[in-house]
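Open the model in your viewer and show it as a cartoon.

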Amino acid sequence: MFKLSFIMAAILCSSALSADEPVVYKDALYQQQKIAKLTTLPNSLNFMVIGDWGHNGHFYQKEVAHQLEIAMYQTDADFIVSTGDNFYPNGVASVNDPLWQSAFENIYHGPHTFEDWYVVLGNHDYLGNAQAQIDYTEKSQRWQLPARYYSKTFALENNEQVLMVFLDTNPIQPEYKDRDKYRSTQGQDYKTQLTWLETQLAGSNAKWKIVVGHHPLYSSGKRFGRNQGLRDILEPILERHNVHAYIAGHEHDLQYNQPKNSKVAHFVSGGGSEARFVKQREFTRYAEATPGFLSVSINGETLSVSAINHLGEVRFNTEKHIDK
């Protein structure tokens with residue numbers, strides 16, 4: 001009965017959101033479709049994390065976008081993070097590519113998803129014109145991708161800060177060095193980026209340090225066992241500089257992985273449209289093959305992360321305290 005109800009709910013949600021006319025967001029709608037159990041911390045910075053979404057509204061992209069809008073309103077969120085693979089299958093050709101409208105502007109059209117989007121590049125983005133996604137920053141008020149890698153510091157109360165570092169993990173990924181398909185990722189010296197990363201982390205007095213990249217270092221999904229090369233490069237840097245969380249996409253699911261003897265929490269948010277299988281591993285705290293996104297709330301003492309699916313259900317929540 002539960003399975004049948006789930007399927008019927010998905011069908012109804014899908015049909016409602018696939019009509020020719022886009023959803024018109026009004027106060028009554030936000031109240032009627034409030035996401036149960038979605039909360040924020042006191043005096044917090046709040047943001048959403050979505051990845052692997054650019055499917056022109058196919059799969060569950062529209063449904064996830066709708067719940068993203070509801071969550072942005074409900075938490076009064078400050079911005080959105082995109083973990084890459086922003087456009088399938090082959091990125092965009094230019095800043096005027098029709099995909100900007102069909103896969104982004106016309107999908108995330110709710111008033112609260114017009115906050116800033118802090119974006120990283122995924123492997124599929126490199127199959128097109130990656131520079132065009134950087135250039136779109138000058139064309140769009142909300143699209144924030146000023147360079148292939150960059151950082152941003154956000155303010156908390158009591159003069160405390162959150163440092164967020166946005167990486168381009170494509171040139172760092174060892175498996176791309178010998179793959180013709182991803183030859184374009186190798187046009188930059190990844191060691192320069194690593195030196196920059198060390199400088200950003202070492203030079204910051206922020207209370208919280210969070211790093212975002214497309215490729216996960218730990219995965220409970222399709223690419224389990226294929227992360228060691230990138231992990232060997234990045235994990236020592238994260239550990240050395242007391243990074244609190246690493247957030248990635250690439251896997252089409254939602255995950256929270258916590259390796260033994262590490263204080264770095266590893267999150268995956270790649271369920272922006274399509275979902276793939278997951279499996280419990282020794283480091284898995286949560287993994288679900290569901291379309292959806294993560295909601296993050298952070299204050300001076302606590303980092304809270306919730307997984308929300310395309311039906312507007314909070315599927316998981318965890319809290320990490322600053323001293324643990």
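Which residues does UniProt list for "domain: Calcineurin-like phosphoesterase"? The record, an unreviewed entry, gives residues 46-253. Select them. Over that range the chain is 26% helix and 17% strand.

**Stop 1: confidence**

This is a predicted model, so color by pLDDT before going on. The protein averages 93, and 94% of the residues score at least 70. Select strand β2, residues 79-82: among the elements of the protein, β2 has the highest mean pLDDT, 99. Now select helix α1, residues 2-17, which has the lowest mean, 45. Over residues 1-16 pLDDT stays under 50. For that stretch the model has eight contacts beyond four places in sequence. Where pLDDT is low, the predicted coordinates should not be read in detail.

**Stop 2: the seven-stranded sheet**

Select β5, β6, β7, β8, β10, β9 and β11. In that order, these seven strands form an open sheet with mixed pairing. Look at the two edges, β5 (150-155) and β11 (284-288). Each has a single partner strand, so one side of each is left without a neighbour in the sheet. Turn the view to follow the twist, which averages 15° from one strand to the next.

β5 and β6 run antiparallel and are joined by six bridges. Find Tyr-150; opposite stands Phe-166 in β6. Then follow the hairpin of β5 and β6, with five residues between the strands. Asn-158 takes a positive phi near 60° there. Asn-159 lies in the loop between β5 and β6 too. Its phi is near 60°, a positive value in a residue other than glycine. Is Asn-159 buried or exposed? Asn-159 is exposed, with a relative accessible area of 77%.

β9 (residues 254-257) pairs with β11 in the antiparallel sense, over four bridges. Select Asn-257 and its bridge partner in β11, Thr-284.

**Stop 3: a helix across the sheet**

Show helix α6, residues 190-202. This helix lies across β5, β6 (161-166) and β7 (208-212). Its angle to β6 is about 175°.

**Stop 4: salt bridges**

Side chains of opposite charge can pair when their charged atoms come close. How many salt bridges does the count come to? The count is nine. Show side chains and visit these.

- **Glu-105 and Arg-142.** The closest N and O atoms of this salt bridge are 2.8 Å apart. Glu-105 is in helix α4 (residues 99-105), and Arg-142 is in the loop between α5 (130-135) and β4 (143-144), so the pair ties together parts that are 37 residues apart in sequence. Both residues are buried.
- **Glu-198 and Arg-240.** Here the closest N and O atoms are 2.5 Å apart. Glu-198 sits in helix α6 and Arg-240 in helix α7 (residues 228-240), so look for a link between distant parts of the chain, 42 residues apart. Glu-198 is partly exposed, at 23% relative accessible area. Arg-240 is also partly exposed, at 48%.
- **Glu-288 and Arg-315.** Their side chains meet at 3.1 Å, N to O. This pair joins strand β11 to strand β14 (residues 314-321), and its two residues are 27 apart. Glu-288 is buried, with a relative accessible area of 18%. Arg-315 counts as partly exposed, at 40%.
- **Glu-160, Lys-207 and Glu-301.** Select these three together: they are linked in a network of salt bridges.

**Stop 5: backbone details**

Which residues does a cis peptide bond join? Zoom in on Tyr-88 and Pro-89, where omega is about -5°. Pro-89 lies in the loop between β2 and α4.

Finish at Asn-242, in the loop between α7 and β8 (245-248). Asn-242 has a positive phi of about 55° although it is not a glycine. The residue is exposed, with a relative accessible area of 57%.

Definitions and conventions. Residues are numbered from 1 along each chain as its sequence is written. This is a predicted model: local features need pLDDT of at least 70, side-chain atom pairs count only at pLDDT 80 or more; totals for chains, interfaces and linings use all residues. Side-chain values use heavy atoms; hydrogens and water are left out. Two strands pair if DSSP finds at least two bridges between them. Axes are lines fitted to C-alpha atoms, for helices over the stretch in contact, and angles run from 0 to 180 degrees between N-to-C directions. Contact means heavy atoms within 4.5 Å. UniProt positions are given in the numbering used here, feature names are shortened, and annotations may be inferred rather than shown by experiment. pLDDT is the predictor's confidence in each residue, from 0 to 100. A salt bridge is a side-chain nitrogen of Lys or Arg within 4 Å of a carboxyl oxygen of Asp or Glu. Buried means under 20% relative accessible area, exposed over 50%, partly exposed in between (1.4 Å probe, protein chains only).
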